[in-house]
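This report covers one protein chain, going from single residues to the chain as a whole. The sequence and structure come first.

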Amino acid sequence: MLELVSALTYDWVQHYGGGLAPHAVCLLLEPAVILNEVVTNLGIAAAYFLIPFAILRFLKGAGGIMPFRSVLLMFFVFILSCGLGHLTHLVTLFVGGWTYWLHAGVMQVTMVASIGTALGLLRHGRAIGSLAVRLAQSHRPA
């Protein structure tokens, strides 16, 4: 059965996929590895998609008085692109061909977003820490 699936997949890739086979072709003899890839990448992507919505909810609840809003927005883009990276990884697992370029594009966005987020934290890190200390001190019981 695996030989038939492999042959059909190879023929499909050669005809429609630009010659680049999906990753799963290499893993046909290890279905547990394929299952692990699917479950873990979907789980990670789900978490990465929930976090940006939590950030938006946080920003909305704070109204217009949120300091360092830009850093939170950078985190939003960074984390969302990480989730997309896990989904496009799964697409390359089963489709191959042009989807490798899709995944590469998502990874480039993730790279830019992660560098921007790191630079934003480096720029504002002390001020964010100082604000956190002041908030903690103002909420201490007398």
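In this predicted model, Thr 92 is placed in helix H3, which covers residues 69-94. Thr 92 counts as buried because its relative accessibility is 1%, and the cut-off for buried is under 20%. The side chain of Thr 92 reaches the backbone oxygen of His 89 at 2.7 Å. Setting aside residues up to four places away in sequence, Thr 92 touches Pro 22, His 23, Thr 99, Tyr 100 and His 103.

Helix H3 has 26 residues, which at 1.5 Å a residue should span 38 Å. The end C-alpha atoms of H3 are 39 Å apart, in agreement with that value. The buried residues of H3 include Val 71, Leu 72, Phe 76, Ile 79 and Leu 90, as well as Thr 92 itself. Ser 81, Cys 82, Gly 83 and Gly 85 are also among them. Just after H3, Gly 96 takes a positive phi of about 75°.

Ala 24 belongs to the loop between helix H1 (2-16) and helix H2 (31-62). Leaving out neighbours within four places in sequence, Ala 24 is in contact with Ile 34, Leu 93 and Phe 94. Ala 24 and Ile 34 are ten residues apart along the chain, and their C-alpha atoms are separated by 6.7 Å. Ala 24 is buried because its relative accessible area is 9%, below the 20% limit.

Leu 119 lies in helix H4, residues 99-138. With a relative accessible area of 52%, Leu 119 is exposed, since the cut-off for that class is over 50%. Together with Met 111, Val 112, Ile 115 and Leu 122, Leu 119 makes a nonpolar surface patch of about 530 Å².

| Residue | Relative accessible area | Class |
|---|---|---|
| Thr 92 | 1% | buried |
| Ala 24 | 9% | buried |
| Leu 119 | 52% | exposed |

What does the secondary structure of the protein chain come to? There are four helices and zero strands, and the pattern read along the sequence is α-α-α-α. Of the 142 residues in the protein chain, 24% are buried. Among contacts with a separation of 6 or more, 67% come from residues 24 or more positions apart. The protein chain exposes about 9,600 Å², of which carbon and sulfur atoms supply 73%.

How values were computed: Residues numbered from 1 in each chain as written. Predicted model: local features only at pLDDT ≥ 70, side-chain atom pairs only at ≥ 80, totals over all residues. Heavy atoms only, no water. Patch = residues over 30% accessible without salt bridge, like charges linked within 9 Å, V, L, I, M, F, W, Y side chains within 5 Å. Areas by Shrake-Rupley, 256 points an atom, 1.4 Å probe, with all protein chains shown as cover. Salt bridge = Lys/Arg side-chain N within 4 Å of Asp/Glu carboxyl O. Helix = DSSP H or I, 4+ residues; strand = E, 2+ residues; numbered from the N terminus. Buried < 20%, exposed > 50% of the residue type's maximum accessible area, 1.4 Å probe, protein only. Polar contact = N/O pair within 3.5 Å; in protein donor to acceptor, adjacent residues only side chain to side chain. Contact = heavy atoms within 4.5 Å. Expected span 1.5 Å × (residues − 1).
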